[in-house]
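Grab a pencil and have the viewer open. Try each task yourself, then check your steps against the solution.

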Protein chains: 2
Amino acid sequence: MEEVTEAARRIKPHAYRTPVLHSASLDARAGGAVFLKCENLQHVGAFKFRGALNAISALPEEVRARGIVAYSSGNHAQAVARVGQILDVRTTIVMPADAPAIKREATAAFGARVVLYDPATESREAIAQDLLQDGATLIPPFDHRDVIAGQATAILELHEEVTGLDAVVVPCGGGGLLSGTGIVTRALAPGCKVIGVEPELGDDATRSFRTKTLQTVRNPATIADGTRTPSLGALTFPLVLANVDDMQTVSEAAIIEAVRLLFYRLKIVVEPSGALGVAALISGAVTGYHRIGVVLSGGNIDGSTMAAILTETPATMSAHA
Amino acid sequence: MEEVTEAARRIKPHAYRTPVLHSASLDARAGGAVFLKCENLQHVGAFKFRGALNAISALPEEVRARGIVAYSSGNHAQAVARVGQILDVRTTIVMPADAPAIKREATAAFGARVVLYDPATESREAIAQDLLQDGATLIPPFDHRDVIAGQATAILELHEEVTGLDAVVVPCGGGGLLSGTGIVTRALAPGCKVIGVEPELGDDATRSFRTKTLQTVRNPATIADGTRTPSLGALTFPLVLANVDDMQTVSEAAIIEAVRLLFYRLKIVVEPSGALGVAALISGAVTGYHRIGVVLSGGNIDGSTMAAILTETPATMSAHA
């Protein structure tokens, strides 16, 4: 928790304190008062900015000068690239070739060198290791103390702004945000339940949580591309086991309905991974709470994907997974 | 100005204090720091909620009990309907039959009785007058002191939150928001320029401002459906002449580009009328300012319209006008 407090101080000059939004129609659907922490409105459209900013800011000047390498399915890539641009640090990003075009393009636009790989045949970790030969520092997308502490500042702000929450519901990919949510919530709101949400198609963390044994998934075909990580990490798995109260999964149809509801009712753009918490509330996967904090973790969705969500039926949409 | 301060006090229990957002990429496009007052995140997705809430709240209990009638191309309709639901007042809304489906449906969902008319052959004022026979009160969409004062609270909050603005740029339909912007800005930030923006296809207020004679337009084919009003009003025309520094127009392509930029860069859903201020900044219609306040007046856009904006080229999109 001290590391989270320190991270909050460190990132303050460059990160937004994102708004918390509220909607009567969502409350009615969820059966409780829902408070949406809008990290889709953060720099680069995702909470990942907080983790990258904290981790890179914490490096000594001479280490930063040798450059940064990151591998990411998308939002962490943009975050590292944008932080490099702000702090004037060279960045190289290893991305899957099938990442949404909007994420690849934004990463390059921030001045990063982008190296693509085929997730079906290549290991991004191996490629990143090759790139580290010249002394650059690897900033992983979630399994890193400073990344977790930085991401956790979103939850710190949520509890500061909204007191008396009885549940916080956050998406789970590699478990960085969920780990931070557990640490901060145990410290600041001990009675508040911590709940992670995954797509049914990428339910490795839910299975890991229930079996207490690390489970994996291989490139799952979920529309929630930010959660396609193969498993929890060496740091995040024990943190999830220690500080999380429940894990739930949601269907592709529920994710799509959540993105649509956030568009029409809240007037905000949320990517499928970012809408997992709302999907859990409107599908009934998470129920029985009165004051529920939800992190909308990101807003980077291709226009073509959003267009399909807005104009097609849920049944048709599952083909986009 | 005292009426605006009173309106702020009156609407506080039910209206959101909407966030002010900022974007480095928009600043770069606009050549100055841009502060976006997000009335698309207001109740019913539009600043119109403030005007309707203030006007209906100001009515004596026995007058409210006889019901409310409103005519509106969309957002005012939803606003009156929602306020009626909150304050437990019967509402009847007269709407053009070609208003976006999302606006008609939301109005009915708030419990209002909806009466449709053909804007090509019928007068909405005449229809509304018929409905007033039983003692109901007409709340017009802009040409009413309490409506203008309520809408102006958005600008009051903007100046409270962001000091030192040298320009405020707001959309102009019937001129209610622009009138309130003038009143509040003259009072709180006397050096700050007040600029109204219209679509080129519906430039009646710009022509009225320049000629100092009331000009009209008939059902203009602009995608900015919230600005299809035939002219400024008896109250708003003199207020615009007295307190507005400039009027500018923007092309359909600029409006569409602004909606797209707000989607991709800000991660917010803004309807074409609501994006007029940003359209003026990115098209160069408004230039030369350092700290610019912009009101995003609404977010009620049909999914099919947004899908077309996200997937088609600007040239193709003009066919949607």
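Predicted model: local features only at pLDDT ≥ 70, side-chain atom pairs only at ≥ 80, totals over all residues.

Residues are numbered from 1 along each chain as its sequence is written, chains are lettered from A and ligands numbered from 1 in the order in which they are written, and side-chain values use heavy atoms, with hydrogens and water left out.

**Exercise 1. Work out how chain A is divided into domains, and describe the contact between them.**

Step 1: get the bounds. Domain 1 of chain A covers 2-47 + 144-320, and domain 2 covers 48-138; such bounds come from an automatic or database domain assignment.

Step 2: The C-alpha centres of domain 1 and domain 2 of chain A lie 23 Å apart. Their contact (heavy atoms within 4.5 Å) takes 32 residues from domain 1 of chain A and 25 residues from domain 2 of chain A.

Step 3: size the interface. The two domains of chain A bury about 2,300 Å² between them, with 54% of it on carbon and sulfur atoms. Buried area here is the accessible area (1.4 Å probe) that two parts lose on being put together, summed over both.

**Exercise 2. Find what links the two domains of chain A, and which helix gives the largest share of the domain 1 side.**

Step 1: look for charge pairs. The rule (a side-chain nitrogen of Lys or Arg within 4 Å of a carboxyl oxygen of Asp or Glu) finds two salt bridges across this domain interface. As for A:Glu39 and A:Arg50, their side chains meet in a salt bridge at 2.7 Å, N to O.

Step 2: pick out the helices (H or I DSSP runs of at least four residues, numbered from the N terminus). Both α1 (2-11) and α8 (145-161) of chain A supply at least two residues each to the domain 1 side that touches domain 2. The largest share, eight residues, comes from α8(A).

**Exercise 3. Describe how chain A meets chain B, and how the two copies are related.**

Step 1: count. 27 residues of chain A are in contact with 27 residues of chain B.

Step 2: check the area. Chains A and B bury about 1,900 Å² between them, 70% of it on carbon and sulfur atoms. A trio, A:Phe263, A:Lys267 and A:Val269, supplies 30% of the area that chain A buries against chain B, more than any other three residues.

Step 3: name the helices. α12 (252-266) and α14 (303-311) of chain A each supply at least two residues of the side that touches chain B, and α14(A) gives the largest share, six residues.

Step 4: superpose. Using least squares on the C-alpha atoms of residues with pLDDT of at least 70 in both copies, chain A can be laid on chain B with an RMSD of 0.0 Å by a turn of 180 degrees and a shift of 0.0 Å along the axis. The two copies are therefore related as by a two-fold rotation axis. The same surface serves both: 100% of the contact residues of chain A recur in chain B.

**Exercise 4. Locate the salt bridge partner of A:Glu257.**

Step 1: start with the total, which is 20 salt bridges over all chains.

Step 2: find the pair. A:Glu257 meets A:Arg29, side chain to side chain, at 2.7 Å, N to O.

Step 3: A:Glu257 sits in helix α12 of chain A and A:Arg29 in helix α2 (residues 24-30) of chain A, so the pair links distant parts of the chain, 228 residues apart.
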